[in-house]
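Here are my notes on the model, as numbered points. Please read them with the structure open.

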Amino acid sequence: MRGTGLTRAMSWGVGPRVMRRMPPEWGERPFTQLKLEPCTEVIGAEVLGIDLSGPLDDTTRDEIRRALLEWKVLFFRDQHLTSAQQVAFARRFGDLEHHPFLRTGDSAEVVRFEKGEDLDKPGSVGTENGWHSDVTWRTEPAMGSILRAVEVPERGGDTLWADMGCAYDNLPEDLRARIDDMRAVHSFVHVFGYAMSPERKAEMLRQYPPVEHPVVRTHPETGRKTLFVNAFFTERIVGLDDDESEVLVDRLCQQAMHPEWQVRLRWEPGTVAFWDNRSTQHYASSDYYPRRRVMERVAIKGDRPF
Ligand code: SIN
């Protein structure tokens, strides 16, 4: 029988949380080229003293990457980049993806989210308000994404990120043991396929068939165990029947929703956010109608989760 009130809350874990920012062996190393202002104990830091519009020397690039691993999402204020400058900055961290389903901006690498104004126009509705990692329907999902505010509403339209390493650490021990070797199927179909003709969906499924990933991935650079199941793209757990799988996927997706390992960004003109897509999920609050919100995103290619 399900508990109620405090009993139910206790089974979900009230009280202090395990708040580890990194694995214990990671250690502290000073930054020489940038100043960081952490936003929370575990996730999110504002980076000061950097101009992203020009060339980035290797030392600064390496420090940004290290800061990204530690804080999982970095915020840069007052940058006012062009689309081309955003792409040039992103290329310093790897090759860029082309998104096959989303509208692009000036170049094929840039995804443009232009929302608000006209709720009846398909595509104008902000539908990024579900917890997810980007493109986990790919065999090799993006390593990171860089999002630039082009036009921000006066109020609303914040983005939130969750640290999925903390999300894993705070699962009950028996559940961690149960899921450690499980695999899950991810697919684009429920998010991008619903409005496609059957012919196009079949063609896109040929190009991007459902893919299996571990439920708990090991971060390839930090070694940290990270919960890798999300509400947008994870379809089912391999080897479980439909009901069991749905209950487990729901339970694991809830794990992104704890404020203790979230950070929330209030966008301003010129703000840029850079997140590690392997260790986080994000959610764009769709609360700004009828105001406009225009963002541009580029994604850096990643590797196969293990
Ligand atoms: C996204 O889901 O990648 C977009 C996030 C946002 O618009 O804040």
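1. Over the ring of which residue does the charged end of Arg176 sit? That ring belongs to Tyr168, and the charged end lies 6.0 Å from its centre. A charge sits over a ring if NZ of Lys or CZ of Arg is within 6 Å of the ring centre and within 35 degrees of the ring normal. Arg66 lies over the face of Phe31, at 4.3 Å from the ring centre.

2. Ground rules. This is a predicted model: local features need pLDDT of at least 70, side-chain atom pairs count only at pLDDT 80 or more, and totals for chains, interfaces and linings use all residues. Numbering runs from 1 along each chain as its sequence is written, and side-chain values use heavy atoms, with hydrogens and water left out.

3. Aromatic pairs. The whole structure holds 17 of them. Rings of Phe, Tyr and Trp (its six-membered ring) pair if their centres lie within 6.5 Å; planes under 30 degrees apart are stacked, over 60 edge-to-face, the rest tilted. Phe89 and Phe274 have ring centres 6.0 Å apart and planes at 80°, so this pair is edge-to-face. Phe89 lies in helix 3 (residues 83-91) and Phe274 in strand 13 (residues 272-276), so the pair ties together parts 185 residues apart in sequence. Helices (H or I, at least four residues) and strands (E, at least two) are DSSP runs, numbered from the N terminus. Phe89 is buried at 4% relative accessible area, and Phe274 is buried at 0%. Buried means under 20% relative accessible area, exposed over 50%, partly exposed in between (1.4 Å probe, protein chains only).

4. A stacked pair. Phe101 and Phe192 stack at 5.0 Å centre to centre, with 20° between the planes. Phe101 is in the loop between helix 3 and strand 4 (111-115), while Phe192 is in helix 6 (residues 189-192), 91 residues apart. Both are buried. One aromatic cluster includes Phe101, Trp137, Phe188 and Phe192.

5. Helix 3. Ser83, Gln86, Val87, Phe89 and Ala90 are buried here.

6. Asp163. This residue is in strand 6 (residues 159-163) and is buried at 1% relative accessibility. Its side chain makes a polar contact with the side chain of Lys72 at 2.9 Å. A polar contact is a pair of N or O atoms within 3.5 Å; within protein, one must be able to donate a hydrogen and the other to accept it, and residues adjacent in sequence count only if both atoms are side-chain atoms. The Asp163 side chain also reaches the backbone nitrogen of Gly165 at 2.8 Å.

7. Ligand. An oxygen atom of the ligand is 2.6 Å from an N or O atom in the side chain of Thr159. The side chain of Arg297 has an N or O atom 2.6 Å from an oxygen atom of the ligand. For His282, a polar side-chain atom lies 3.1 Å from a ligand oxygen atom.

8. Backbone checks. A cis peptide bond joins Tyr289 and Pro290, with omega about 5°. His80 has a positive phi near 50° and is exposed at 53% relative accessibility. Val135 has a positive phi of about 45°, but is buried at 3%.
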